[in-house]
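The entries follow the order in which I looked things up.

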Amino acid sequence: MLMISDLVKKFPQPGGGELTVLDVPRFEMAAAEQVALIGQSGGGKTTLLHLIAGMLSATSGSIRIDNMELTRLSEQGRDRFRASKIGYVFQTFNLMPAFSALENVKLGMTFGAGKVDPKRAMRLLDRVGLADRASYRPKQLSVGQQQRVAIARALAGRPQLLLADEPTANVDPASADSVLNLIIDSCRTEQIALLMVTHSMDVASRFKRIEKLEEINRAFGANASPDAS
Ligand SMILES: Nc1ncnc2c1ncn2[C@@H]1O[C@H](COP(=O)(O)OP(=O)(O)OP(=O)(O)O)[C@@H](O)[C@H]1O
């Protein structure tokens, strides 16, 4: 369902010139496959996720999702494509502070096909164990609860691919386990492909397939620094 070939991303440098962060000859994922992506800090993991999500444009190369060539789409086209096909769980949740937990989940539906299904939104909140917190605002929820709302929101639009960028980095160890199980199990149940960036070997060991960015990225060495985490 995801096929990347000869993908290059360069960033302009503050002092002039360009830095090649990614140069990925090939990376593929099958439908509903679950992959952990590990690698050194600054190696380009988040950049790769942003490219796949269409939040960044590639310098050159190809990203195909479900046979749609993402690199040929305009920024607006990529936004629409992301809304209909891709869920994204951020390290920092990115919930809308003025909206309740339930409204945040419903927002995940309006970004997608545009149809809000309140019953599904409630079912998703129930699945993440927060049915009784539906009317709470993010700041009235614990950090682990906020991340669970963010997961429900990411699943709300029935994506084919869920991208998760260190989703357990900011939650305590006890919540981290439940957040991780929730993502892995939900993707399995809903047949959603999952690509999760993690610094934790504990987390990565939950996955059958573990990819090291250093091994798929020919630009490695140009930008990575020793992992501080
Ligand atoms: N908008 C940008 N402009 C210039 N350089 C950037 C930009 N975004 C990222 N970079 C550079 O690209 C490199 C990769 O960053 P990225 O955030 O993808 O790494 P990462 O592997 O996710 O790191 P970490 O594990 O520390 O989160 C870094 O050297 C960073 O400085």
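I began with strand β1 (residues 2-12), which 10 bridges join to β2 in an antiparallel run. Strands here are DSSP runs of E with at least two residues, helices are runs of H or I with at least four residues, and both are numbered from the N terminus. I noted that two strands pair if DSSP finds at least two bridges between them.

The model is predicted, and local features need pLDDT of at least 70, side-chain atom pairs count only at pLDDT 80 or more, and totals for chains, interfaces and linings use all residues. Residues are numbered from 1 along each chain as its sequence is written.

I looked up I4 and found that its bridge partner in β2 is F27.

I then traced the open sheet of four strands, whose order is β2-β1-β4-β5 with antiparallel pairing. Its edge strands, β2 (18-29) and β5 (68-69), each pair on one side only.

Next I traced an open sheet of five strands, ordered β6-β7-β8-β3-β9 with parallel pairing. Its edge strands are β6 (86-89) and β9 (209-212), each pairing on one side only.

I checked β6 and strand β7 (residues 161-165), which run parallel and are joined by four bridges. In this pair, I86 stands opposite L161 in β7.

Last, I examined helix α5 (residues 143-156), which lies across β6 and β7 and runs at about 170 degrees to β6. Contact requires C-beta atoms, placed from the backbone, within 7 Å. Axes are lines fitted to C-alpha atoms, for helices over the stretch in contact, and angles run from 0 to 180 degrees between N-to-C directions.

Key:
Two residues are in contact if their C-beta atoms, placed from the backbone, lie within 7 Å.
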